[in-house]
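Please look at the sequence and the model shown below, and keep both in view while reading the report that follows.

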Amino acid sequence: MTPEIVQHFSEALGLPENRVAVKGIDAIKNLFYHQTKPGPELVTPVGIAIAAKEHPVEYIPVKVNEKSLRLFDVKTLSIGDAILTSGLSIPKLHGKPGAATVVTLNNQLVTVPGTRGEPLVLLKNGKAADFNDSISSNDEIMAEKGTDGAPVNATFKEM
């Protein structure tokens, strides 16, 4: 549908114009139209449909925190892939550190941290797991938020 595209391609590729061709939807064999006028705008959707029929995309059904998901089976999938697909925020699943306190000691500012937060707990089919563990059809993944750290609790003597 782009005027002079054949001339521009032949110049860019250094080929004679008779060696450059733009094919239309009529180049697809065994294609029948029902109440649709064939045109170049059909090439992409028809191509997608043919590719999907010849190489269908497989899905892996899994559950993350009891939410059912279907992941494209295009590579070896991991628990991390499933967690990200579920929409959970990995940083929000880690326990936060406890609040710190800033005090002046001998004319110096000293920050006394709270305790560290605990990492999230990952389970695959009820057993401890890791983000990199592979998943397969019908696995059940649980991601439990880690516990937050406690605020600083120090006596004057401990300071």
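## Salt bridges

In this predicted model, the side chains of Lys-145 and Asp-148 meet in a salt bridge, with 3.0 Å from N to O; the term stands for a side-chain nitrogen of Lys or Arg within 4 Å of a carboxyl oxygen of Asp or Glu. Lys-145 is partly exposed at a relative accessible area of 44%, and Asp-148 is likewise partly exposed, at 46%, where buried means under 20% relative accessible area, exposed means over 50%, and partly exposed lies in between (1.4 Å probe, protein chains only).

The structure holds two salt bridges, and another pairing of this kind joins the side chains of Lys-75 and Asp-81, at 3.3 Å from N to O. Lys-75 counts as partly exposed, with 49% relative accessibility.

Residues are numbered from 1 along each chain as its sequence is written. Because this is a predicted model, local features need pLDDT of at least 70 and side-chain atom pairs count only at pLDDT 80 or more, while totals for chains, interfaces and linings use all residues, and side-chain values use heavy atoms, with hydrogens and water left out.

## The nonpolar core

The largest nonpolar core has 15 residues, and those with the most contacts inside it are Val-62, Leu-71, Ala-82, Ile-135 and Ile-141. Such a core is a set of buried Ala, Val, Leu, Ile, Met, Phe, Trp, Tyr and Cys residues joined through side-chain atoms within 4.5 Å. At least two residues of this core come from each of β1 (59–64), β2, α3 (79–86) and β7 (140–144); helices (H or I, at least four residues) and strands (E, at least two) are DSSP runs, numbered from the N terminus.

Which residues does Ala-82 touch, not counting residues up to four places away in sequence? They are Val-62, Val-64, Leu-69, Leu-71, Ile-135 and Ile-141, where contact means heavy atoms within 4.5 Å.

## A residue in a loop

Arg-116 lies in the loop between β4 (108–112) and β5 (121–124), and this residue is exposed, with a relative accessible area of 75%. When residues up to four places away in sequence are not counted, Arg-116 touches Pro-97 and Gly-149. Arg-116 and Val-102 are 14 residues apart in sequence, and their C-alpha atoms are 17 Å apart in space.

## Phe-72 in strand β2

Phe-72 is found in strand β2, which covers residues 67–72, and counts as partly exposed at 48% relative accessibility.
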